[in-house]
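Trainee: I'm new to this one. Could you walk me through how to read it?

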Amino acid sequence: MGRTLQNTMINLGLQNACDEAVYQLGLDMEELEEIEEDAGLGNGGLGRLAACFLDSMATLGLAAYGYGIRYEYGIFNQKIRDGWQVEEADDWLRHGNPWEKARPEYMLPVHFYGRVEHSASGAKWIDTQVVLALPYDTPVPGYMNNTVNTMRLWSARAPNDFNLRDFNVGDYIQAVLDRNLAENISRVLYPNDNFFEGKELRLKQEYFVVAATLQDIIRRFKASKFGSTDSVRTVFDSFPDQVAIQLNDTHPAMAIPELMRIFVDIEKLPWDKAWDITKRTFAYTNHTVLPEALERWPVDLVEKLLPRHLQIIYEINQRHLDHIASLFPNDVDRLRRMSLIEEGGTKRINMAHLCIVGSHAVNGVAKIHSEIVKTQVFEDFAALEPEKFQNKTNGITPRRWLLLCNPGLAELIAEKIGEDYVRDLSQLTKLHEFVDDDLFIREVAKVKQENKVKFALYLEKEYKVKINPSSMFDVHVKRIHEYKRQLMNCLHIITMYNRIRRDPAKLFVPRTVIIGGKAAPGYHMAKMIIKLINAVAQVVNNDPMVGSKLKVIFLENYRVSLAEKVIPATDLSEQISTAGTEASGTGNMKFMLNGALTIGTMDGANVEMAEEAGEENLFIFGMRVEDVTELDRKGYNAQLYYDRLPELKQAVDQIKSGFFSPKDPNLFNDVVNMLFHHDRFKVFADYEAYVKCQEKVSELYLNSKAWTKKVIRNIAAAGKFSSDRTIKEYARDIWHVEPSDLKIPPPNEPRDAGQDKTPNGTTA
């Protein structure tokens, strides 16, 4: 979520008033804003997407809730020591959190372990351990519409009789100390991005958020006029018409068997009725196609922790496979491929399969990704129910990612096309009229220059490095992962360095290359990549032959509040994943909206950005998905590229020989060995096209006017990538709710009775 103060002032239309009031107290608002900690309750794009979605849902007047875990420690703080990443705990609640309100009156029990007893009256889950879920509510204000939604985060609390109700050994002190075991559930965020680690505590976290949330939703449903009771029992027929639950990846997949358990075991609905309601309630968004990221929980672990849920999953699978077998008799391989249970070695539950079978809609997050989901990853399921599969291209909130972080540009745009674009970003197309307006071109360039100077001052203050604000700011910020190919950027840096040294008199377009992002603490290769970038920076930045022509900076502790500083100052945005690996990307959209040009592959949302702006207004290079597939078929041989490309050979040899690590010449052996022998992401195959494309970038940068025209065309084409548009599509195609443009009257004005609810009283 990042910081909340400035976003709240903007959405409430109070920023100028607050600035002025604080100024009159002799304080500086920007200094005050810098004191607030980021709420870093997620890893990368997935968690930030949820935050943008909450902003858009409130702005569109949808009755929507965001549910999650109130981690005591969020994503770790990254320190760079001697070029290595070191993790520190993110004690973000140390000074309290003024934006949250604890709601003990809505505390709910969550059960773990135990056993299942079957009787004539049905299944009973008994002898469980109970953990309490305490909700904390954070307000989510819409933009200038007097709507405030809720983000509800659950914190784990031990019940007061924890470890004391049992035939007690009398060790009261130890029993109280053991309360920590229960409360550890919400202690810390698992710091893996695009990687599955099958740990028991993580499964506990996933079930904890799901079980608390579903009880909360059902309590709210029963309290509403829709949860009509005939004598005793609630009638749940209208449940899917009143409730839509969107599963943000498979992490909350246990919600499917949990809702079935509530309906069948507790509410005593017949299975078929319960299953129909469940399917119509859930929809699933897939966020990655990397096999190592897909959640596959061991059956033994689920059986120990959630025995009833395993039985329900088995029953879902049995009925699912019976259906497949009736359609494709004797096709045992299809049954194996489509089963929710993977046999062989340890039996595992494929959570993506569970989500597809248990949902009425499945979507990818960019056109190319949704195509890959349909034709490759889940092709058997898509063949069965093609109508279930959709695309919903990701977006970003223009409130945080333009108004808040780039007020200069936001104001310049408003002068030309009015202020309405903030709620309807498609209006940015009106800027096309000004693409040849010399004054506007100069003003856009001036705003960018001011942002660069401001960021250069920040870097000087924080990093003690002097950088040239007229150099091209070439920025690559995102989680560190092999598929995102920070290594390819690194090879380009080394190539530029070698060119400068080979011919110091030759014209060179000065660059400041900024790379930032966190590596998962257990991801050895990602940590080596960070060390390599820092080792290269050490050599490049201290070579007198290079001077101010080339500077390399590794941005420490990349996070939302730092993104808000670097993105408005960027000239060139690096989006260079291997085609077919980045589901969408959202950083790409933030850079586009803030006046950077993109160098990128035809991957994720880059494809649609090129479609919107015209491919000639982005720097597109490298293999397409078809080329990657073809190369896989032939077999990728890295050695071929190394032998054929002298500049690549030179760069790799320097890494290999210890040119960048003289004290330990073998330091980067693992990296070099990976690049030659098991590089799944084919860095060498795109190197030549990348370097040539970068030459075109430098050439254009010399012509400030031509560069800025492309910038304006990009900004004018960025409208599609508002999360408002994304959420309208979810609302229309999946949740079946109507967004309302109605501005609710402020609390100091009387309300009309007719404005008490959204058009059909529906909750998303």
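**Reading the strands, core and cysteines**

Mentor: Let's begin with a pair of strands: S14 and strand S16 (residues 348-350) run antiparallel and are joined by three bridges. Within that pair, Arg296 sits opposite Asn350 in S16. Keep in mind that this is a predicted model.

Trainee: In what order do the strands of that open sheet come?

Mentor: The order is S14-S16-S15, three strands with antiparallel pairing. Strand S14 (296-298) and strand S15 (341-342) are the edge strands, since each pairs on one side only.

Trainee: You said predicted. What is the mean pLDDT of the protein chain?

Mentor: The mean is 95, and 97% of the residues reach 70 or more. Go carefully over residues 753-764, though, where the pLDDT is below 50. That stretch still has 24 contacts in the model beyond near neighbours in sequence.

Trainee: Now the overall layout. Into which domains is the chain divided?

Mentor: There's domain 1 (37-391) and domain 2 (447-717). Taken over C-alpha atoms, their centres are 36 Å apart. The two also touch: 33 residues of domain 1 are in contact with 38 residues of domain 2.

Trainee: And how should I read a core?

Mentor: The general idea is that in soluble globular proteins, nonpolar side chains tend to be buried together. Here the largest nonpolar core has 241 residues. Phe112, Phe239, Tyr421, Phe455, Phe684 and Trp735 have the most contacts inside it.

Trainee: Which helix gives the most to this core?

Mentor: Helix H21 (residues 524-541), with 12 residues. The core also draws at least three residues from each of domain 1 and domain 2.

Trainee: Let's do faces next. How do I read the two sides of a strand?

Mentor: In a regular strand the side chains alternate between the two faces of the sheet. Take strand S2 (residues 77-81): Gln78 and Ile80 make up its covered face, while Asn77, Lys79 and Arg81 make up the uncovered one.

Trainee: Which strand does S2 pair with?

Mentor: Strand S3 (residues 84-88), in the antiparallel sense, over five bridges. Gln78, from the covered face, stands opposite Glu87 in S3. S2 and S3 form a hairpin with two residues between them, and Asp82 in the turn has a positive phi of about 55°.

Trainee: How many disulfides does a search of the whole structure find?

Mentor: A disulfide is a covalent bond between the sulfur atoms of two cysteines. The search finds zero here. Look at Cys405: the nearest cysteine sulfur, that of Cys52, is 11 Å away. Cys405 counts as buried because its relative accessible area is 11%, and the cut-off is under 20%. Cys355 is buried too, at 0%.

Trainee: Can we try single residues? Is Ala123 buried or exposed?

Mentor: Ala123 has 9% relative accessibility, so it counts as buried. Ala123 lies in strand S7 (residues 122-126). Leaving out residues up to four places away in sequence, Ala123 touches Val116, Glu117, His118, Asp265 and Arg308. Arg308 is 185 residues away from Ala123 along the chain, yet their C-alpha atoms are separated by 8.2 Å.

Trainee: What about Glu183: buried or exposed?

Mentor: Glu183 counts as buried because its relative accessibility is 17%. Glu183 lies in helix H6 (residues 179-183). With residues up to four places away in sequence left out, Glu183 touches Ala156, Arg157 and Ala158.

Definitions and conventions:
Residues are numbered from 1 along each chain as its sequence is written. This is a predicted model: local features need pLDDT of at least 70, side-chain atom pairs count only at pLDDT 80 or more; totals for chains, interfaces and linings use all residues. Side-chain values use heavy atoms; hydrogens and water are left out. pLDDT is the predictor's confidence in each residue, from 0 to 100. Contact means heavy atoms within 4.5 Å. A nonpolar core is a set of buried Ala, Val, Leu, Ile, Met, Phe, Trp, Tyr and Cys residues joined through side-chain atoms within 4.5 Å. Buried means under 20% relative accessible area, exposed over 50%, partly exposed in between (1.4 Å probe, protein chains only). Helices (H or I, at least four residues) and strands (E, at least two) are DSSP runs, numbered from the N terminus. Domain bounds come from an automatic or database domain assignment. A disulfide is a pair of cysteine sulfur atoms within 2.5 Å. Two strands pair if DSSP finds at least two bridges between them.
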